[in-house]
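Reader: I have a model open on my screen and would like to go through it with you. Could we start with the pockets and then move on to the packing?

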Amino acid sequence: MDRLERADHLLSDPAARARALGPAIAAAGDEIERTRRIPPALLSALHEARLFRLLLPRSAGGDEVTPGQYLAAMEEVARHDASVAWNLFVGNSSALVGAYIALDIAREIWRDPHTVVSWGPPNEARARAVSGGYRITGRWDFASGCRAANWMGAHGLVEEEGGKLRLNRYGRPGQRILLCPAEQATLLDTWNTIGLRGTASDSYTFDDVFIPEAYSSQREDPEGRRETGPLYSFTHAGLYAVGVAAVAFGIARAMLDALVDLATRKAPRNLGRMADSPTVQADVARAEARLGAARAYLLDIVGTLYERASPEAPMDIPDRARVRLGCTHAIHTAIETADFVYKACGVDGIFPGSPFERRFRDMHTLSQQIQSRGAHYEAVGHILLGGKPVVFL
């Protein structure tokens with residue numbers, strides 16, 4: 001491949017772009033862990049590689065890649081550093097709002113090539129409807145990537161005049177996402193965790209911030225999307241779960257590869273080389289098969305649904321359930337792989353700086369996130385067995 005061919009490949013393949021940055025991402029790992037921030041030079045390189053724009057509509061300056069391409073890129077980054085991958089997937093998930101707001105507003109927000117939008121998950125906050133928009137006060141937590149963001153968002157139930165809550169088309173109070181420049185938020189340094197430290201998933205507050213109507217949207221109802229390309233047939237929640245699965249896959253893959261490398265060198269006391277043990281050989285093979293099968297299953301689901309997506313209507317509830325099932329299975333399989341590797345590597349896993357210790361902490365921080373809940377199996381099973389929920393995201 002000559003230089004021009006390589007350049008074209010990097011432009012067309014986000015995983016190749018991520019792979020090219022792998023050494024720089026890995027080299028920054030200790031600083032990321034210590035400072036709980038992505039170093040400015042690396043952050044700039046991520047923007048230059050357009051890795052924050054994979055899910056942003058092309059009409060607003062994004063790449064609008066397929067879900068499979070997106071998964072592969074986030075997985076590749078996570079092999080080198082899970083915190084960087086987490087920030088990227090969350091930034092891409094937030095960019096999905098660009099498919100729901102007016103095109104001129106989306107272009108304004110993402111005009112800056114270094115734009116990152118960050119927000120925390122919904123809580124009990126309320127946005128008061130006023131002339132021309134909303135006023136909102138409150139605190140939100142878990143705003144991954146907020147230290148790199150130039151725009152912030154906040155979710156809130158909309159309170160109409162008289163205190164009545166605005167209902168969505170399902171007849172329930174609906175969450176509204178409100179967007180404003182980051183300087184209108186006050187960031188709180190609250191993220192001091194055992195893993196995924198570099199995500200800087202801090203808390204923040206809004207103090208009676210006014211948000212014009214045009215800078216607001218909803219993410220709950222895919223019928224409200226402006227963009228009708230196949231990527232936006234998927235819901236916000238579905239593509240968010242794909243991102244978590246991708247990070248989990250990357251961590252698990254890196255740990256399993258590190259175990260294979262260790263096994264060729266390590267001979268535990270009074271035993272032979274690990275790689276020569278039939279037990280180790282069988283266990284590694286089973287782990288490889290489980291991880292590969294979970295990845296192939298998820299890629300098959302999102303690939304099939306992408307190919308048959310229709311611009312007339314977003315994905316229906318049974319198909320949304322398939323995405324949820326594939327992602328939940330992927331995340332749980334990756335966690336199980338990490339646990340197997342950590343146990344198998346013995347004392348080599350307990351020391352900081354090993355290929356195992358930080359990844360184990362990162363994986364078990366990821367395992368506490370809402371996307372990792374076992375209850376997702378129940379929700380999907382309810383649908384598979386003929387249940388008809390009001391809405392399934």
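Reader: Which residues lie nearest the centre of the second largest pocket, and how many residues line that pocket?
Author: Bear in mind that this is a predicted model. The second largest pocket is lined by 21 residues, and those nearest its centre are Asp30, His80, Ser354, Arg358 and Arg359.

Reader: Which elements give two or more residues to that lining?
Author: For the second largest pocket these are α3 (22-27), α4 (29-35), α6 (67-80), α9 and α12, and α12 gives the most, with 5 residues.

Reader: And how does the lining of the second largest pocket divide into nonpolar, polar and charged residues?
Author: That lining has 10 charged residues, alongside 7 nonpolar and 4 polar ones, and the pocket itself has a volume of about 460 Å³.

Reader: What volume does the largest pocket have, then?
Author: The largest pocket comes to about 1400 Å³. Its lining is made up of 41 residues, with Pro121, Pro122, Arg219, Ile370 and Gln371 nearest the centre. By class, 19 of the lining residues are nonpolar, 16 are polar and 6 are charged.

Reader: Which element gives the most to the lining of the largest pocket?
Author: That is α7, which supplies 4 residues. The elements with at least two residues in this lining are α7 (82-95), β5 (175-181), α9 (236-263), α12 (357-366) and α13 (375-384).

Reader: Changing topic, how many residues are in the largest nonpolar core?
Author: The largest nonpolar core has 112 residues, and within this core Leu46, Phe206 and Leu366 have the most contacts. The element that gives the most to this core is α9, with 17 residues. As background, nonpolar side chains in soluble globular proteins tend to be buried together.

Reader: What is Leu46 in contact with, leaving aside its neighbours within four places in sequence?
Author: With those neighbours left aside, Leu46 is in contact with Leu21, Ile25, Ile38, Leu51, Phe52, Val84 and Leu88.

Reader: One last thing: at roughly what angle do the axes of α6 and α10 cross?
Author: The axes of α6 and α10 (residues 278-307) cross at roughly 145° and come within 8 Å. On the α6 side the residues are Pro67, Gly68, Leu71, Ala72 and Glu75, and they meet Arg295, Leu298, Leu299, Val302 and Tyr306 in α10. Of the residues in this contact of α6 with α10, 7 are nonpolar, 1 is polar and 2 are charged.

How values were computed: Residues are numbered from 1 along each chain as its sequence is written. This is a predicted model: local features need pLDDT of at least 70, side-chain atom pairs count only at pLDDT 80 or more; totals for chains, interfaces and linings use all residues. Side-chain values use heavy atoms; hydrogens and water are left out. On a 1 Å grid over the protein atoms alone, a cavity is a set of points where a 1.4 Å probe fits but cannot get out, and a pocket is an open set with protein on both sides within 12 Å along at least five of seven lines; lining residues have an atom within 4 Å of a point. Grid points are joined across faces, edges and corners, and a volume is the space filled by probe spheres set on the points. Ala, Val, Leu, Ile, Met, Phe, Trp, Tyr, Cys and Pro count as nonpolar, Asp, Glu, Lys and Arg as charged, and the others, Gly among them, as polar. A nonpolar core is a set of buried Ala, Val, Leu, Ile, Met, Phe, Trp, Tyr and Cys residues joined through side-chain atoms within 4.5 Å. Buried means under 20% relative accessible area, exposed over 50%, partly exposed in between (1.4 Å probe, protein chains only). Contact means heavy atoms within 4.5 Å. Axes are lines fitted to C-alpha atoms, for helices over the stretch in contact, and angles run from 0 to 180 degrees between N-to-C directions.
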